[in-house]
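This report walks through one protein model, starting from a hairpin and ending with its core. Please keep the structure in view while reading.

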Amino acid sequence: MLKLAVSGMTCSGCVAAIQRALGAALPGAKVEVDLAKGTVMVDTVQSQESTVKFAIEDAGFTVAGLAT
Ligand SMILES: [Cu+2]
């Protein structure tokens, strides 16, 4: 489980874009986006952290770091 603080998400369209990007990068991974808190949770292993970050940033958002 990876929980990241992501900036740049402003609406449900952004949430859908992130879901789509992560769905393509990590097929089958469970993704939860909390728009209000600005966090993205991905049910994946730690070694895939860079894949997750790259997919989010490639979709046009900024990964600020790990969220608590
Ligand atoms: Cu949006």
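## The E2–E3 hairpin

This is a predicted model. Begin at the hairpin of E2 and E3, where four residues lie between the strands. Gly38 takes a positive phi there, near 70 degrees. The two strands pair in the antiparallel sense, over five bridges. Val33 has Val40, in E3, as its bridge partner.

Val40 and Val42 form the covered one. Thr39, Met41 and Asp43 form the uncovered one.

## The sheet

How many strands does the open sheet have, and in what order? It has four, in the order E2-E3-E1-E4, with antiparallel pairing. The edge strands are E2 (30-34) and E4, each of which pairs on one side only. From one strand to the next, the twist averages 30 degrees. In general, strands of a sheet pair through backbone hydrogen bonds, either parallel or antiparallel.

E1 and E3 run antiparallel and are joined by four bridges. At this pairing, Ala5 stands opposite Thr39 in E3.

## Overall plan

The protein has two helices and four strands. Along the sequence the pattern reads β-α-β-β-α-β. Residues 24 or more positions apart supply 65% of the contacts with a separation of 6 or more.

The radius of gyration is 10 Å. A compact globule of 68 residues would have a value near 11 Å, so the protein agrees with that expectation. Along the principal axes, the C-alpha atoms fill a box of roughly 30 × 25 × 20 Å. Of the 68 residues, 18% count as buried.

## The helices

H1 lies across E2 and E3. It runs at about 160 degrees to E2.

H2 spans residues 49-58, and its buried residues are Val52, Ala55 and Ile56. Seen down the axis of H2, these buried residues fall within an arc of 95 degrees, so they line one face of the helix. An α-helix has 3.6 residues a turn, so residues three or four places apart point the same way. The face of H2 turned away from the buried side carries the exposed residues Ser50 and Asp58. Which elements cover the buried residues of H2? They include strand E1 (2-7), helix H1 (12-25), strand E3 (39-43) and strand E4 (62-66). After H2 comes Gly60, with a positive phi near 105 degrees.

Why does Asp58 count as exposed? Asp58 is exposed because 11 other C-beta atoms lie within 10 Å, and the cut-off for exposure is 12 or fewer. This residue lies in helix H2. Asp58 and Arg20 are 38 residues apart along the chain, and their C-alpha atoms are separated by 12 Å.

Ser47 lies in the loop between E3 and H2. It has 7 C-beta neighbours inside 10 Å, so Ser47 counts as exposed. Ser47 and Ala5 are 42 residues apart along the chain. The separation of their C-alpha atoms is 18 Å.

## The nonpolar core

Which residues make up the largest nonpolar core? There are twelve: Val6, Met9, Ile18, Ala21, Leu22, Val33, Val40, Val42, Val52, Ala55, Ile56 and Phe61. H1, E3 and H2 each supply at least two residues of this core. In soluble globular proteins, nonpolar side chains tend to be buried together.

What does Phe61 contact, leaving aside its neighbours within four places in sequence? Its contacts are Val6, Ser7, Gly8, Met9, Ile18 and Ile56.

How values were computed:
Residues numbered from 1 in each chain as written. Predicted model: local features only at pLDDT ≥ 70, side-chain atom pairs only at ≥ 80, totals over all residues. Buried ≥ 20, exposed ≤ 12 C-beta atoms within 10 Å, placed from the backbone. Arc of directions from axis to C-beta. Contact = placed C-beta atoms within 7 Å. Rg over C-alpha atoms; globule rule 2.2 N^0.38 Å. Core = buried A, V, L, I, M, F, W, Y, C linked by C-beta atoms within 7 Å. Pairing = 2+ DSSP bridges. Axes fitted to C-alpha atoms, helices over the stretch in contact; angles between N-to-C directions.
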